[in-house]
Amino acid sequence: MSPAMNVAALKAQSAEKVEAVKNAFKSRQGFLDFITVQDSALDQHSHAGSNKTWSNEDLDPTPPEKRTWRWWNFVTFYLGLSFGNWTLGSTMVGIGLNWWQAIIVIFVSQSISSIAMYFNSRCASVYHIGYPVVARSVFGMYGSYYFVGARAALAIIWYGVQRKWSNARLLVATERTMPSTKDWTSGSRCVLDAISSLSISC
C-alpha cells in the first residue's frame with residue numbers, strides 16, 4: 001500500500017471516529033452503539049452464541065501477524081521492569097557485604113529467578129497464551145479466577161511499594177540538589193509525591 005493510500009485510509013478512519021462520537025451524543029442508542037465493543041476477527045471465529053468469558057480476542061492465542069516483538073523489545077521491557085533491582089548492589093554493601101560478595105549474591109539470585117521465569121513463561125512462548133489461560137490448565141476454569149485475582153492484588157501492592165520507593169528517591173534527589181526543600185511543608189511534599197506517582201504509573 002502506497003503512502004498516499006495510507007494517508008487516505010487514516011483520514012477515512014478518523015472521519016468515521018469523529019462521526020461516531022457525534023452520533024454518541026445524539027441519542028441513547030447512539031451512545032450504546034458507541035461504547036459497545038465490536039467483535040474482532042478472532043472473536044468471530046468461535047461458535048455462535050459461545051460464552052466470551054472463556055474465549056475472546058484477549059484470551060485466545062496470539063495470531064502470527066501480531067507476534068511482532070523481537071529480542072530488543074524483551075530486553076528493553078525487562079530493563080524497565082527490573083529498574084528497582086539497580087539498587088541491589090548498594091543494598092548488599094549496606095548490609096555488610098563487600099563489592100565482590102555483592103556481585104556473587106546478585107548473580108546467583110538473578111540466575112535462580114531467571115530459571116523460574118523461563119519455566120513460568122514457557123507456555124506463553126510456545127502456545128502464545130496469557131497467564132489467565134495457563135492458570136485454567138492447572139486450576140480449572142473457575143479455580144483460575146482466584147489466582148488471577150491474587151495476581152491483581154499483588155500488582156496493586158507492588159506498584160504501591162514502587163510508588164513509595166520512587167517518592168523517597170525523588171525526595172532525596174531534590175534535597176541534595178536544593179537543600180532548602182528540607183524545610184518544605186507537608187503540602188509541598190505532597191506535590192513531589194504526586195509527581196513520583198505519575199512517573200511510576202507511566
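**Figure 1. Confidence across the predicted model.** The protein averages a pLDDT of 77, and 77% of the residues score at least 70, pLDDT being the predictor's confidence in each residue, from 0 to 100. Confidence is lowest in helix 3 (residues 41-44), at a mean of 51, and highest in helix 6 (residues 99-120), at 88; helices are DSSP runs (H or I, at least four residues), numbered from the N terminus. Where pLDDT is low, the predicted coordinates should not be read in detail. This is a predicted model in which local features need pLDDT of at least 70 and side-chain atom pairs count only at pLDDT 80 or more, while totals for chains, interfaces and linings use all residues. Residues are numbered from 1 along each chain as its sequence is written, and side-chain values use heavy atoms, with hydrogens and water left out.

Figure 2. Ile-104 is partly exposed, with a relative accessible area of 47% (buried means under 20%, exposed over 50%, partly exposed in between; 1.4 Å probe, protein chains only).

**Figure 3. Spans annotated in the UniProt record.** The unreviewed UniProt entry carries the annotation "transmembrane region" for residues 69-88, 100-119 and 139-161, and such annotations may be inferred rather than shown by experiment. Residues 100-119 are 100% helix and 0% strand, with end C-alpha atoms 29 Å apart; strands are DSSP runs of E, at least two residues. For residues 139-161, the end C-alpha atoms lie 29 Å apart, and the span is 87% helix and 0% strand.

Figure 4. The phi of His-128 is near 60°, a positive value in a residue other than glycine. Most residues other than glycine have a negative phi. His-128 is partly exposed, with a relative accessible area of 25%.
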